[in-house]
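Please read them with the structure open beside you.

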Amino acid sequence: MLRTRFAVAALLGVAVAALAGAQDRKFDLNFGTKDKDGKYTPYYQEVTTEVTQVIKVQGQDLTQKQKSVFWYQWTPIKEDKVKEGAEDVTKWTVKQKIEGLEMNIDISGNPINYSSKTETPGSAGNPGLVEFFKGLKDSEFTVTLGKNYKVEKVEGKEDFIKKLGAGSAQMDALLKKVMTDDALKEMVDPTSKLFPDGPKKVGESWEKKTSLNLGPIGSYELLYKLKYAAVEKEKDKIEVETAITYTAPKENPEGLLFRIKEGSKLTSDPAKSKGTVIYDPKTKRIESAEINITLKGDLIVVIGGTDTRVELTQEQKTIIKTQDKSYLEKAPAPVTPPVPGK
């Protein structure tokens with residue numbers, strides 16, 4: 001009888017687990033947590049990106065390594081219920097602020113370092129680049145998200161360009177061309193665009209397509225292949241595979257020192273472009289994510305009327321973390337207990 005009971009209990013456990021796995025998960029995002037006074041409270045993100053580029057030009061390899069860490073504050077402003085046709089849609093307006101950043105760049109052994117925490121100086125040969133990094137701190141954008149948390153509008157572009165391009169006509173011209181609406185939307189929306197448009201069961205898959213136009217740099221078509229892979233420790237795991245196709249700009253950019261010629265090609269390596277997103281159904285937020293992308297291809301770069309063929313391999317890893325407290329908030333100093341007898 002005891003064995004029978006254990007067998008029945010085991011079968012019930014399997015049945016319950018299977019039933020739980022078969023339930024639909026609706027991936028909502030919670031922007032609107034309020035405090036006791038009814039005011040929206042901010043939440044915080046840390047986005048770390050590591051990039052390794054190997055550029056081969058005329059038989060020589062140029063290696064560039066870069067690590068950047070950005071700390072963001074997200075503050076909900078308002079929630080709107082609107083009608084789109086016969087459908088009720090929730091729209092959120094939130095403010096994104098760059099609280100701080102760190103940049104570590106190494107170009108063939110020549111380092112450039114900057115941290116907004118300590119205001120450490122950069123390489124003496126790149127004061128302009130360090131000033132550019134300084135200008136990123138405290139920049140703010142107002143973001144409107146519509147159906148399925150798609151970024152519809154980003155405000156603050158003009159002030160952002162004016163702040164970063166101050167004192168440099170060339171930088172101002174470049175930012176106005178490269179800082180497209182697509183680029184801003186991608187910057188403020190690293191993961192929520194990956195969510196499905198409706199509920200999913202464990203094992204189900206879906207796809208998301210986006211495009212990124214960078215003006216004179218060219219454009220990218222991105223296809224995300226996603227799967228609701230598992231429930232682990234009461235968190236939902238989504239697997240991500242990213243396919244990227246690059247297209248060179250069709251028009252000649254004015255005012256730039258270089259041009260990427262038509263015929264240039266970059267594509268992602270599927271085997272090395274995988275990642276995961278961890279969603280917490282209790283907080284209704286993305287707890288963490290890791291996105292890996294490897295790009296390979298040939299670019300034809302025109303400088304001074306001369307065509308130069310460049311072989312490029314780029315490996316990129318992005319790690320995103322979310323929490324309720326600022327990542328820049330200092331931990332309280334340890335309290336030293338009194339010495340007995342004193």
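1. In what follows, a residue is called buried when its relative accessible area is under 20%, exposed when that area is over 50%, and partly exposed in between, using a 1.4 Å probe and protein chains only. Helices (H or I, at least four residues) and strands (E, at least two) are DSSP runs, numbered from the N terminus.

2. This is a predicted model, in which local features need pLDDT of at least 70 and side-chain atom pairs count only at pLDDT 80 or more, whereas totals for chains, interfaces and linings use all residues. Residues are numbered from 1 along each chain as its sequence is written, and side-chain values use heavy atoms, with hydrogens and water left out.

3. The pLDDT, which is the predictor's confidence in each residue on a scale from 0 to 100, averages 83 for the protein, and 85% of the residues score at least 70. Where pLDDT is low, the predicted coordinates should not be read in detail.

4. The protein has 5 helices and 14 strands, and 37% of its 342 residues count as buried. Of the contacts between residues at least 6 apart in sequence, 60% join residues at least 24 apart.

5. Helix α3 (residues 157–164) has Lys 157, Phe 160, Ile 161 and Leu 164 as buried residues. They line one face of the helix, because seen down the axis of α3 they fall within an arc of 95 degrees, the arc being that of the directions from the helix axis to the C-beta atoms. The face turned away from this buried side carries the exposed residues Glu 158, Asp 159 and Lys 162. Cover for the buried residues of α3 includes α2 (127–136), β5 (140–145), β6 (151–155), α4 (169–178) and α5 (181–188).

6. Not counting residues up to four places away in sequence, Tyr 220 touches residues including Leu 212, Leu 214, Ile 244, Tyr 246, Leu 266 and Leu 295.

7. Thr 242, in strand β9 (residues 235–247), is buried, with a relative accessible area of 1%. Leaving aside neighbours within four places in sequence, Thr 242 is in contact with Leu 223, Tyr 224, Ser 268, Ser 273, Ile 291 and Ile 293.

Notes. Contact = heavy atoms within 4.5 Å.
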